[in-house]
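Let's take a walk through this one, starting where the chains meet and then stopping at a few single residues.

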Amino acid sequence: MLANSGYAEIEELSRVIPSKERLAKGAVAIAECLQSIPCNPCNSACKRGAFLAFKDINDLPTVDVERCNGCGLCVSACPGLAIFVVDESFNETEALIKLPYEFLPLPIEGKDVPALDRKGEIVGTARVVKVQNTKTMDRTPVIWIAVPKAMSMIVRNIRP
Amino acid sequence: MEKTEILIIGGGPAGLEAAIHAAGLGAEVTLIERDPFLGGQLTKQTHMFFGSYEQFAGVRGVDIAEKLKKEIEENPKIKVLLNAAVAGIYPDGVVTVSQKNKFLKFKPNRIIVATGAYEKMLPFPNNDLPGICGAGGVQTLMNLYGVLPGQEIVMVGAGNIGLIVSYQLLQAGAKIKAILEASPNIGGYLVHAAKIRRMGVPILTSHSVKEAYGKDFVEGVVVHQLDEKWAPVPGTEERMSCDVLCLAVGLSPLSEILWQAGCEMKWIPELGGHVAVRDEDLLTTVSGLYIAGDVAGVEEASAAMVEGKLAGMAAAESLGYSVEGLLEKKDSARSELAELRAGHSGDKIRGGIDRVERLTRGKVTC
């Protein structure tokens, strides 16, 4: 359980994981933010209004999956580094994951790296598709990785 | 004898905001800081802040410090004394300050104490071995002075400080062997816990340090499991080698100066220890003496900044200064505090504050 181990079991994430149909359509943000804390930058980061307005700053974020196009602006804006973008339409066999990554050295585009799950255990290999590190991202680079489709909800980190 | 209208003790998040807001109303402010620089804990906080836009959510603490420092430097109403420690507050209202080799005396009209908090220690055998340090101390070494204190770290405490400092140690290239947490649940924000866990760091809840071992320096710890009553479970001892044992077991308000000034104090464990009784303007029971930030009760830096804002405005207002909409501004600061404390994570804080706040105008709700 997240509350006593630091990693969320897949059942705990059911509230935030979009439907199979929506995932198949393309990139979408998944906010793995499961505890009520006073925080709302995801809401202001989204230019499309896909993070529903907060009634109270302690509300959990809710993604309007129809408005979200998976651009990933929220990924580097989330102070908790808890938002990921998953694109299951990336290609025939692979899903694309955009994840926040604040470690040096940054991975190299095109290289294969170990893919880690929420426990930090190696569960396979990911291909680094892109490394985004713009000024707006304010030192929270976003790494795009390709993983086998079946791993799209398992892989959440890499080791360069 | 030096004169100043408002003397602020402590140049951390609360003191900086207090200075900006008191001077914003027109008061002459002197800000006293013990360190050679302003910013307090903000100067080593490399993570993005939570909260909302008003509390700089999404901005890194270290960048908030720069922003506030710049505002202070540009404000001619604020005088800053660095390397200066307050030695005492006397019954005639004189505040003594030691700065380098000088001894200064101030006669302020109002005082805002924003001294912050200190790290708690944990009792266990051999806890005096070199290499056993407070997490805040490790963060200072690492983020201010560029010194990594060790390579293999065991962290005690999974509150926000333990989690954040563990993450920063990982960023600096150290290995975290484990984070031990005596309670059955992680105390800090779970998003912080998740980002450390996915780097492969085990977070062992219901675990604590039995003892440390090592000859001249800490070489490891004996870890044991605790039951639901926090009693050690026999036979669960395990040795874990490390070259730094980092303690993040909570903070206590740095309130000696308030005792000395004669403030009525109360023991409020939810706020970290002894805190001063205050009203909704953060005025203590000593006339003209306000508090803000961790010394008023240990919370997140976001809350410290809002308290600073409120105490700064209130102190200046009590001297007759005002601006248009001052009442609304103060109420909006109080609503910001209520919001920051509204969630489940604020339960303890709210309970603590209810026992130490003496309202003179009735309760503010947002």
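Two residues are in contact here when heavy atoms of theirs lie within 4.5 Å. Keep in mind that this is a predicted model.

## Where chain A meets chain B

By that contact rule, chain A puts 41 residues into the meeting of the two chains, and chain B puts in 35 residues. Together they bury about 3000 Å² between chain A and chain B, and carbon and sulfur atoms give 54% of that area.

There is charge pairing here too: the count between the two chains is three salt bridges. In a salt bridge between A:Glu102 and B:Arg60, the side chains meet at 3.3 Å, N to O. The largest share comes from α1(A), with four residues.

## A greasy spot on chain B

Over on the surface of chain B, B:Leu141, B:Tyr145 and B:Val147 make up a nonpolar patch, and their accessible area together is about 280 Å². Take B:Val147 from that trio: you'll find B:Val147 in the loop that runs between α3 (135-144) and β9 (152-156) of chain B. Is B:Val147 buried, partly exposed or exposed? B:Val147 counts as partly exposed because its relative accessibility is 39%, and that class sits between the 20% and 50% cut-offs.

Now for B:Arg239, which belongs to strand β14 (residues 238-241) of chain B. This arginine has a relative accessible area of 59%, so B:Arg239 is exposed. Its contacts, once neighbours within four places in sequence are set aside, are B:Tyr213, B:Val221 and B:Val222. If you're wondering how B:Arg239 sits relative to B:Lys100, the two are 139 residues apart in sequence, and their C-alpha atoms are 46 Å apart in space.

Is B:Ser302 buried or exposed? With a relative accessible area of 7%, B:Ser302 is buried, since anything under 20% falls in that class. Who is in contact with B:Ser302, leaving aside neighbours within four places in sequence? The list is B:Phe49, B:Phe50, B:Gln55 and B:Leu340.

Definitions and conventions. Residues numbered from 1 in each chain as written. Chains lettered and ligands numbered in written order. Predicted model: local features only at pLDDT ≥ 70, side-chain atom pairs only at ≥ 80, totals over all residues. Heavy atoms only, no water. Patch = residues over 30% accessible without salt bridge, like charges linked within 9 Å, V, L, I, M, F, W, Y side chains within 5 Å. Areas by Shrake-Rupley, 256 points an atom, 1.4 Å probe, with all protein chains shown as cover. Salt bridge = Lys/Arg side-chain N within 4 Å of Asp/Glu carboxyl O. Helix = DSSP H or I, 4+ residues; strand = E, 2+ residues; numbered from the N terminus. Buried < 20%, exposed > 50% of the residue type's maximum accessible area, 1.4 Å probe, protein only. Buried area = accessible area lost by both parts, 1.4 Å probe.
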